[in-house]
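This briefing is meant for a reader who is coming to the structure for the first time. Please look over the sequence and the model below before turning to the notes that follow.

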Amino acid sequence: MYKPKIALVVPTLRKLECWRSYALNFKKFGHDIGNVKLFAVDDYGRHVKENMQLLAQCEVPFEFWTVSEQRAFFRRHFGRSWKRYWQVIPHHTDACRSFGYIVAGNWGADIIVTFDDDNWCIDALDRRYDYLAGHSVVGRTLTLPEMKSSTSWLNTCSLLNAEPSRRLWARGFPYSRRGEEYEIRSSTGAVAMNVGLWLGCPDVDAMTILAEGAMNGIPKTKTTALNQCDRIILAEGTFAPLNTANTAYSSRLLPCIYDTFQGVRVSGLKLDRFGDIWCNLFLKKLLDSAGEKVTIGIPLVEHRREPRPTLVDLEKEFWGVLVSESLIQLVENLHIEKASYADMYLDLIEQLDNQEIHPNTYVRKYFRHLFRSMREWLAILEKLGLM
């Protein structure tokens, strides 16, 4: 029986206590971990020694990449040009997970699963919480309910029950597309990406948290369970704010899963928290062009968000919220006709690079930087023989 090689990628600057829950989950559901490996990407954290010891105790194969080791990787593979390529990977932001995708590809992964270090596997014998099985649908052809949105955008929070009961929209959902209604039908498709959801703290933006009067970054509303079905297919032409908190990709998508460059200053504010949203916006457009599918639902995890100032997140999200409105419309209107994912990605870059996404001078400068980094991402993979 075919067993895919599954790489798990986590960016971190915390103690990786959450990993114990994953190791326990694999054991609880009887998984053979011979084809599983963790790739932890350090982001200038202070817990390297403790994390190395913790990961060794969990007895799941792993590689822990310190920042110095990441630099050494680029020196080793790119010689005198190493700084040019090293700069493609942003740090001091969770978008540094892109380095993990590179080393997962070098390892020969068939499926690349990425998660956040504040997401925990749920300790229960219920198949909805079987982490590896839930993401192993990538590469399979499934028949599932397919959801199409009247505004071309599906809200992942709409698939979950909330307590107290209220309507939430996920971080990255465009404000102009709210008020959506859904059409559901049965559909069959080849799954190239699976997005698992989260119980506990929903992944919502800072404005939503502020509206609840919470200044510590933790939403008062909690998500408690799936409210419809275990998994749905996202219809062609319907997008969603897809994060990287609990998400699996086919390794064939490696040319397109660059977690877009974040952390730059735009008119005095740090642009952040949209690396995963924009990466997966671009990717969904290419998957539609290729006729492959995104599924959303299980496996479920628990999001244990740590307190942090809501207003700091608001500053980081300001430009992303603003710019997304025009960027989304431009992406939706692109016409992509290329053979490989690398060719399609390059076509998307070239088309967007010829558009004015926003008139602000600093925003234009940011997107020139972003599109240059996206091209360099392809160059990195080509030089490493990963595409």
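Predicted model: local features only at pLDDT ≥ 70, side-chain atom pairs only at ≥ 80, totals over all residues.

At the start of helix α11, a side-chain oxygen of Asn-360 comes to within 2.8 Å of the backbone nitrogen of Tyr-362.

Helix α11
- The helix covers residues 361-383, and its 23 residues reach 33 Å from the first C-alpha to the last, which is close to the 33 Å expected at 1.5 Å a residue.
- Just after α11, Gly-385 adopts a positive phi of about 70°.

Glu-63
- Glu-63 lies in strand β3, which is made up of residues 62-65, and it is partly exposed because its relative accessible area is 23%, between the limits of 20% and 50%.
- Apart from neighbours within four places in sequence, Glu-63 is in contact with Lys-37, Leu-38, Phe-39 and Ala-40, and its side chain makes a polar contact of 2.7 Å with the side chain of Lys-37.
- Gly-100 is 37 residues from Glu-63 along the chain, and their C-alpha atoms are separated by 9.6 Å.

Strand β8 and its partners
- Strand β8 (residues 182-200) pairs with strand β6 (residues 141-149) in the antiparallel sense over nine bridges, with Leu-142 standing opposite Gly-189 in β8.
- With strand β14 (residues 293-303), β8 pairs in the parallel sense over eight bridges, and here Asn-194 stands opposite Thr-295 in β14.
- Strand β11 (residues 246-250) runs antiparallel to β8 and is joined to it by three bridges, with Val-195 opposite Thr-247 in β11.

Conventions: Residues numbered from 1 in each chain as written. Heavy atoms only, no water. Helix = DSSP H or I, 4+ residues; strand = E, 2+ residues; numbered from the N terminus. Expected span 1.5 Å × (residues − 1). Polar contact = N/O pair within 3.5 Å; in protein donor to acceptor, adjacent residues only side chain to side chain. Buried < 20%, exposed > 50% of the residue type's maximum accessible area, 1.4 Å probe, protein only. Contact = heavy atoms within 4.5 Å. Pairing = 2+ DSSP bridges.
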